[in-house]
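Morning, everyone. I have one structure to walk through today. Let me put it on the screen.

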Amino acid sequence: MQFEKLISQITPDIYQNLKQAVEIGRWPNGQSLTSEQRELSLQAVIAYEAKHLPEDQRTGFIPVACKSQQSASADTIKITQ
C-alpha cells in the first residue's frame with residue numbers, strides 16, 4: 001500500500017517532472033535515470049494519470065477506431081445483382 005500512498009502525494013508539478021524525465025531519460029538537473037528509476041517513474045506517471053486524467057489524455061491511449069476507418073465503413077456502397 002505504500003505505492004498508493006506515494007501516488008496520492010504526487011502534485012501536478014511532480015507529475016510533469018516525472019513524465020518529462022521518463023520521456024528524455026534525464027532528471028531536471030541533467031542526471032541520467034537508471035533503468036530502475038525510469039521503470040518506477042513510468043509506473044508512477046501511469047498510476048497518477050489513471051487517478052487524475054480522463055482516459056483520452058493518458059499515456060498510451062489509443063482510440064477504439066480511427067475516424068477514417070469509421071467513415072469508410074459508413075460510406076461503403078452495397079452492390080446488388
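Start with Tyr15. Its relative accessibility is 6%, so Tyr15 counts as buried. Keep in mind that this is a predicted model.

Now Tyr48. Here the relative accessibility is 7%, and Tyr48 counts as buried too.

How many aromatic pairs are there by the count? One. A pair of aromatic rings is described by the distance of the centres and the angle of the planes. For Tyr15 and Tyr48, the ring centres are 4.5 Å apart. The planes sit at 20 degrees, which is under the 30 degrees cut-off, so the pair is stacked. And where are the two partners? Tyr15 is in helix H2, and Tyr48 is in helix H3.

Next, the helices themselves. Two packed helices are described by the angle between their axes and the distance between the axes. H2 covers residues 12-24, and H3 covers residues 35-52. They pack at about 135 degrees, with the axes 9 Å apart. That angle makes H2 oblique to H3. The crossing of the two is left-handed.

Which residues make the contact? From H2, we have Pro12, Tyr15, Leu18, Lys19, Val22, Glu23 and Ile24. From H3, we have Arg38, Ser41, Leu42, Ala44, Val45, Tyr48 and Glu49. Sort the contact of H2 with H3 by class, and you get nine nonpolar residues, one polar and four charged.

Let me pick out two of these residues.

First, Ser41, in helix H3. Is Ser41 buried or exposed? Buried: the relative accessible area is 5%, and the cut-off is under 20%. What does Ser41 touch, leaving aside neighbours within four places in sequence? Leu18, Val22, Trp27 and Leu33.

Second, Val22, over in helix H2. At 14% relative accessibility, Val22 also falls under the 20% line, so Val22 counts as buried. Leave out residues up to four places away in sequence, and Val22 touches Arg38, Ser41 and Leu42.

To recap. H2 and H3 pack obliquely, with a left-handed crossing. Ser41 and Val22 are in contact, and Ser41 is buried, as is Val22.

That's it from me. Over to you.

Notes
Residues numbered from 1 in each chain as written. Predicted model: local features only at pLDDT ≥ 70, side-chain atom pairs only at ≥ 80, totals over all residues. Heavy atoms only, no water. Axes fitted to C-alpha atoms, helices over the stretch in contact; angles between N-to-C directions. Helix = DSSP H or I, 4+ residues; strand = E, 2+ residues; numbered from the N terminus. Parallel < 35°, antiparallel > 145°, perpendicular 65-115°, else oblique. Left-handed = near helix turned anticlockwise from the far one by under 90°. Contact = heavy atoms within 4.5 Å. Nonpolar A, V, L, I, M, F, W, Y, C, P; charged D, E, K, R; others polar. Phe/Tyr/Trp six-rings, centres within 6.5 Å; stacked < 30°, edge-to-face > 60°. Buried < 20%, exposed > 50% of the residue type's maximum accessible area, 1.4 Å probe, protein only.
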